[in-house]
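Try each one yourself before reading the solution.

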Amino acid sequence: EIQVWGNRSPSRMGRDPQKIAWVRFYVRPIERRDHESILDCFHGDKLMPALRSLIGASSILTLLITFSVVAEAAEVAASESRVGKQIDNFTLTDYRGQERSLDDWNDAECVVVTFLGTECPLVKLYAPRLAHLAETWQDRGVQFVGINSNRQDSITEVAAYAGRHGIPFPVLKDPANRIADAFGAVRTPEVFVLDQNRVVRYWGRIDDQFGIGFQKPEADREDLHVALDEILAGKEVSKPTTEVQGCLIGRVLRPDPNGEVTYSEHVAHVLKARCAECHHEGQIAPFSLTNYEDALGWAEMIQEVVHDRRMPPWFASPEHGSFQNNPTMSDEEIQLIDEWIAGGCPEGDPAALPGPLQVAEGWGIPEPDEIFYMSEEPFTVPADGAVAYQYYRVSPGNTEDRWIKFAEVKAG
């Protein structure tokens with residue numbers, strides 16, 4: 001007997017048609033819970049062969065109903081394109097407290113709506129690019145608008161982001177994801193170009209310079225720029241849809257008060273053990289994961305990166321054995337996160353929370369005997385573009401072999 005469940009519900013899948021050419025399932029024997037395998041089941045004509053190769057034809061009928069429901073949802077979502085969709089007028093408040101409506105820009109030839117987040121690394125990388133594009137296209141009748149739909153981003157944080165990056169266009173707050181749902185926005189940064197009739201003509205990325213795990217010296221294709229050029233010239237957009245990479249929008253969830261897996265009893269313990277060392281205030285990670293509100297906003301993004309094994313980061317080769325400080329999540333820990341999200345991310349009893357994270361003041365190792373500086377001169381990181389990998393050679397000045405007991409690299 002086999003239990004099958006999806007790690008994305010049909011409603012969640014419907015929000016991300018660019019990512020549901022497949023549906024990922026956990027397939028496990030009920031009596032052998034220590035063994036898991038992951039099946040990437042493709043929709044349509046590839047579904048049955050994939051199933052048959054894994055579990056045999058005799059078991060397919062018992063699973064057909066479960067799979068057909070999810071596969072059907074995948075087919076429907078995949079067929080939905082945002083391009084050609086009419087966007088109705090909406091009203092939101094910007095970070096200065098002023099109400100703004102789509103109709104405010106009726107005179108604009110095009111409106112570029114970009115969904116943003118304050119802490120997403122790709123949104124930060126593209127902030128100077130967006131500011132430049134907004135100023136470049138302004139004289140041609142193009143209005144840029146930013147929308148922040150993340151539940152975890154406060155108005156104060158939105159204002160700080162806009163000020164820090166010199167964003168010259170309005171940035172609006174979408175507190176209940178209402179407008180994100182109306183557009184069908186999934187990630188940040190995600191761009192929608194509306195023509196004069198407020199019909200979506202382009203949906204996708206800004207360009208292809210930055211993505212998950214890569215950055216190029218320059219973009220091979222400036223997708224947004226090309227789309228605007230073609231629309232204003234009265235042409236069809238040559239590439240109306242492109243894949244969006246970035247952070248999932250932190251949507252408002254509806255926790256199941258009777259959910260068995262909760263943040264306080266289960267997930268907080270996993271995050272403290274595996275993530276909080278970097279994901280706390282003042283550390284290298286881009287956002288904190290030390291309380292319920294933090295984790296709630298990033299829940300679906302956490303689920304994605306732990307399943308992809310992008311996080312927690314660990315690059316040591318398993319060919320060289322096991323390591324005591326390996327932070328990789330176990331399959332059981334990932335399953336807890338899946339079940340927590342499936343239940344709407346309930347908080348649980350705060351009395352069951354783990355103790356506070358012990359953060360070292362100053363050095364994380366015992367007081368060092370010697371300190372070596374990377375360089376006598378600071379390195380200036382440009383606001384835009386890619387930085388080639390930097391190599392620094394530092395001599396400790398040793399005249400004989402020495403045993404190093406502790407080492408720590410501090411940014412600053």
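**Exercise 1. Describe the link between Cys120 and Cys247: what is its handedness, and which parts of the chain does it join?**

Start with the geometry. The angle about the S-S bond is 90 degrees, and the link of Cys120 and Cys247 is right-handed. Keep in mind that this is a predicted model.

Next, locate the two ends. Cys120 is in the loop between β6 (110-116) and α4 (121-137), while Cys247 belongs to strand β14 (residues 247-248). They are 127 residues apart, so the link joins distant parts of the chain.

Now check the distance. The cut-off for a disulfide is 2.5 Å between sulfur atoms, and here the sulfur atoms of Cys120 and Cys247 are 2.4 Å apart. The count for the model comes to one disulfide.

**Exercise 2. Are Cys120 and Cys247 buried or exposed?**

Use the cut-off: buried means under 20% relative accessible area. Cys120 has 2%, so Cys120 is buried. Cys247 has 8%, so Cys247 counts as buried too.

Cys275 is in no disulfide, and its nearest cysteine sulfur, that of Cys278, is 9.1 Å away. At 12% relative accessibility, Cys275 counts as buried. Cys345, at 0%, counts as buried as well.

**Exercise 3. Classify two aromatic pairs: Phe115 with Phe183, and Tyr263 with Trp340.**

The model has 12 aromatic pairs by count. For Phe115 and Phe183, the ring centres are 5.5 Å apart and the planes meet at 70 degrees. Planes over 60 degrees apart count as edge-to-face, so that is what this pair is. Phe115 sits in strand β6 and Phe183 in helix α6 (residues 178-183), 68 residues apart. Both Phe115 and Phe183 are buried.

For Tyr263 and Trp340, the numbers are 6.2 Å centre to centre and 40 degrees between the planes, which makes the pair tilted. Tyr263 lies in helix α8 (residues 263-274) and Trp340 in helix α11 (residues 331-342), so the pair ties together parts 77 residues apart in sequence. Tyr263 counts as buried at 5% relative accessibility, and Trp340 does at 1%.

Ring pairs link Phe90, Phe115, Phe183, Phe192 and Trp203 into a cluster.

**Exercise 4. What sits over the ring of Trp363?**

Find the ring, then look for a charge. The charged end of Lys410 sits over it, 4.7 Å from the ring centre.

**Exercise 5. Work out the layout of the seven-stranded open sheet: which strands stand at the edges, and which helices lie on it?**

First write down the order: β5-β4-β8-β7-β6-β10-β11, with mixed pairing. β5 (99-101) and β11 (200-204) each have a single partner strand, so one side of each lacks a neighbour in the sheet, and these are the edges. From one strand to the next, the twist averages 30 degrees.

Zoom in on one pairing. Strands β7 (residues 142-148) and β8 (residues 171-173) run parallel and are joined by three bridges. Ile147 stands opposite Leu172 in β8.

Helix α7 (residues 223-232) lies across β6, β7, β10 (190-194) and β11, at about 160 degrees to β6.

How values were computed: Residues numbered from 1 in each chain as written. Predicted model: local features only at pLDDT ≥ 70, side-chain atom pairs only at ≥ 80, totals over all residues. Heavy atoms only, no water. Helix = DSSP H or I, 4+ residues; strand = E, 2+ residues; numbered from the N terminus. Buried < 20%, exposed > 50% of the residue type's maximum accessible area, 1.4 Å probe, protein only. Phe/Tyr/Trp six-rings, centres within 6.5 Å; stacked < 30°, edge-to-face > 60°. Lys NZ or Arg CZ within 6 Å of the ring centre and 35° of its normal. Pairing = 2+ DSSP bridges. Axes fitted to C-alpha atoms, helices over the stretch in contact; angles between N-to-C directions. Contact = heavy atoms within 4.5 Å.
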